[in-house]
Structures are given as C-alpha cells and as structure tokens.
Amino acid sequence: MTQSAATAQQPYYNQAANAISNVAGQNWNANAAQQYMNPYAMAALAPQMQQLGLQQAAQAKNINAGATQAGAFGDARTGVQQSLNDFYGNLAMNDLVSQGMNTAYNTAQQAYLQDAAKQLQAGSQMMDLGTAAQTAGLEGANAVFNTGYRDWE
C-alpha cells in the first residue's frame, strides 16, 4: 500500500509535464498565427470594402458630371482627377484591409497566449493533484500501519 501511495502522483506529473511541454514547444510564428486567425476576417471586412468602393464610384461620377457641366469631359484635368480618385480610393482600401488584418492578427495572438496560459495552469493543477494523491495515499497507508494490522504476521 505504501509503495502504491508513494508513486500515486506519477500519472498526474506525467500529464502535467505533457501540458507544460506542449506550451514550451510552441512558438508564435506564421503557422500558429494561421491556426488562430479567423478565416472569415476578409468576409467581415467585405461590407466596409464594398461601401468604400461605392464611395469611390460616386466620386468618379461626380468628377465626370462636373467635367461634363464645364464642357471639359475627356480633357487632361478630368483624367488627373480620375487618377487621383483611383489612387486615394486604393490607398483607403489598402488601409482598411491592413487595419482589419492587423486587428485579426493581434486577436489571434491574444487567443494563442490565453491558450498557452490555460495549458500551463492545467499543468500546475495536475501537479497539485498528483501531490494531493500521493499525500492522501501515504496518510492512508500510515493510518493502516498505526492500527497495528500486519497481514504478513
């Protein structure tokens, strides 16, 4: 009984070691980021991207309407205005996507760190359970020993 109690903690310690080594073996890298990134991040950005595209198209119509009213449709100044509209529209679109993906990346990294902390906490709890199992077993064995019962006699 004493021998069994003396090693009662071992399965818990093994599980604790596995939980801790899983965390220790992982690094935040592109593979970890991909695992934690929301696959729907671009879908979440789609309505904002569509709205930005509509605004850019409306601005292009306003440029063309202004040029038509001024009798300058198709002249060089209209082309410059259209090019600038396209440039600033693309710049705004890139900024929108960059900010959205940056937020998704940071959220993924936080989720990764939270998972790692949970695994470390689970490992610590398993070690505590192992120690408690060993202590309880040894206390039980000691109680039997103190009763004076000897099955070998």
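Helices here are DSSP runs of at least four residues, numbered from the N terminus. With that in hand, let's walk through this predicted model.

**The overall picture**

Reading from the N terminus, the protein chain goes α-α-α-α-α. So what is the tally? The chain has 5 helices and 0 strands. The chain is more spread out than a compact globule, because its radius of gyration is 33 Å, well over the 15 Å that the globule rule gives for 153 residues. You can see this in the C-alpha trace too, which spans about 120 × 20 × 15 Å along its principal axes.

How much of the chain is buried? Buried residues make up 18% of the 153 residues. As for the surface, the protein chain exposes about 10700 Å², and carbon and sulfur atoms supply 55% of that. There are also 4 positive and 8 negative charges, and their mean positions sit 15 Å apart.

Now for who meets whom. Take the contacts with a separation of 6 or more: residues 24 or more positions apart account for 86% of them.

| Residue | Relative accessibility | Class |
|---|---|---|
| Gln9 | 9% | buried |
| Gln10 | 37% | partly exposed |
| Asn85 | 11% | buried |

Start with Gln9, which lies in the loop between α1 (2–6) and α2 (10–24). Gln9 counts as buried because its relative accessible area is 9%, and the cut-off for buried is under 20%. Leaving out residues up to four places away in sequence, Gln9 touches Gly130, Thr131 and Gln134. With Gln134 there is a polar contact, side chain to side chain, at 3.2 Å.

Next comes Gln10, which lies in helix α2. Gln10 is partly exposed, at 37% relative accessibility. How far is Gln10 from Ala72, going by their C-alpha atoms? The two are 62 residues apart along the chain, and their C-alpha atoms are separated by 86 Å.

Finally, find Asn85 in helix α5, which covers residues 76–147. Is Asn85 buried or exposed? At 11% relative accessibility, Asn85 counts as buried. Once residues up to four places away in sequence are set aside, Asn85 touches Gln56, Gln59, Ala60 and Ile63.

Key:
Residues are numbered from 1 along each chain as its sequence is written. This is a predicted model: local features need pLDDT of at least 70, side-chain atom pairs count only at pLDDT 80 or more; totals for chains, interfaces and linings use all residues. Side-chain values use heavy atoms; hydrogens and water are left out. Helices (H or I, at least four residues) and strands (E, at least two) are DSSP runs, numbered from the N terminus. The radius of gyration is taken over C-alpha atoms; the globule rule is 2.2 Å times the number of residues to the power 0.38. Buried means under 20% relative accessible area, exposed over 50%, partly exposed in between (1.4 Å probe, protein chains only). Contact means heavy atoms within 4.5 Å. Accessible areas come from the Shrake-Rupley method with a 1.4 Å probe; for residues, only the protein chains shown count as cover. Lys and Arg count as positive and Asp and Glu as negative; His and the chain ends are not counted. The place of a charge is taken as NZ of Lys, CZ of Arg, CG of Asp or CD of Glu. A polar contact is a pair of N or O atoms within 3.5 Å; within protein, one must be able to donate a hydrogen and the other to accept it, and residues adjacent in sequence count only if both atoms are side-chain atoms.
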